[in-house]
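Please read the points in order, with the model at hand.

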Amino acid sequence: PQVWEKINMRLLKRSNAWLATVLMAVAGMAKTSPADIFVACEGPGTIGQYTDSGATIDDSLVTGLYGAFGLAVSGSNLFVVNNGSNSIGEYTTSGASVNPSLITGLSDPEAIAISGDTIYVANRGTNSIGAYTTSGDPINPSLITGLSQPEGIAVNGTDIFVTNYYSGTSGKYTSSGDVGDTALISGLGQY
């Protein structure tokens, strides 16, 4: 059986005073195989593939992306946030393009999470979370609204957790869009 995890990490490169975003999706394989780590690199617009010990498999597995901010893995497919083109692209874990414009018309997308056949996208431009099928069809592009520049998203069962940049909070919502606790965690600093 495969276990998929998503790790979201941001690094600040002080010498050039710009923010580099590194997003990793860790694919935990059967115990006899090492895990693959996929890293979306905003600046060069690539996705790299590495072993769980850090060895490079292919640092340019997918190229030609525009603002690769978020990454999620489902089955043998990678779903990538292309912030610069306001879209989500789909690729195989071997790097082949499935549909580089799977979901379009987003507004400053920052993060992505997948649960079953549903893709959840954090849109900073509309302060919302949208829900789409893994085929790219809209379920509810405004599933959760009234957020404060959402930058992180995670799904656990029917719970959706969203981190808001401006309010410095992480809130809890349901997969039907109901509010659980908008400030489940508060006092988070801005970077």
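1. Contacts across the chain. Of the contacts (heavy atoms within 4.5 Å) between residues at least 6 apart in sequence, 26% join residues at least 24 apart.

2. Basis of the model. The model is predicted: local features need pLDDT of at least 70, side-chain atom pairs count only at pLDDT 80 or more, and totals for chains, interfaces and linings use all residues. Residues are numbered from 1 along each chain as its sequence is written, and side-chain values use heavy atoms, with hydrogens and water left out.

3. Secondary structure. The chain has 17 strands and zero helices, where strands (E, at least two residues) and helices (H or I, at least four) are DSSP runs numbered from the N terminus.

4. Burial. The chain has 191 residues, of which 45% are buried; buried means under 20% relative accessible area, exposed over 50%, and partly exposed in between (1.4 Å probe, protein chains only).

5. Aromatic pair. Y165 and Y166 form a tilted aromatic pair, with 5.1 Å centre to centre and 55 degrees between the planes. Rings of Phe, Tyr and Trp (its six-membered ring) pair if their centres lie within 6.5 Å; planes under 30 degrees apart count as stacked, over 60 as edge-to-face and the rest as tilted. Y165 is buried, because its relative accessible area is 19%.

6. Charge over a ring. The charged end of R124 sits over the ring of Y165, 5.8 Å from the ring centre; the rule requires NZ of Lys or CZ of Arg within 6 Å of the centre and within 35 degrees of the ring normal.
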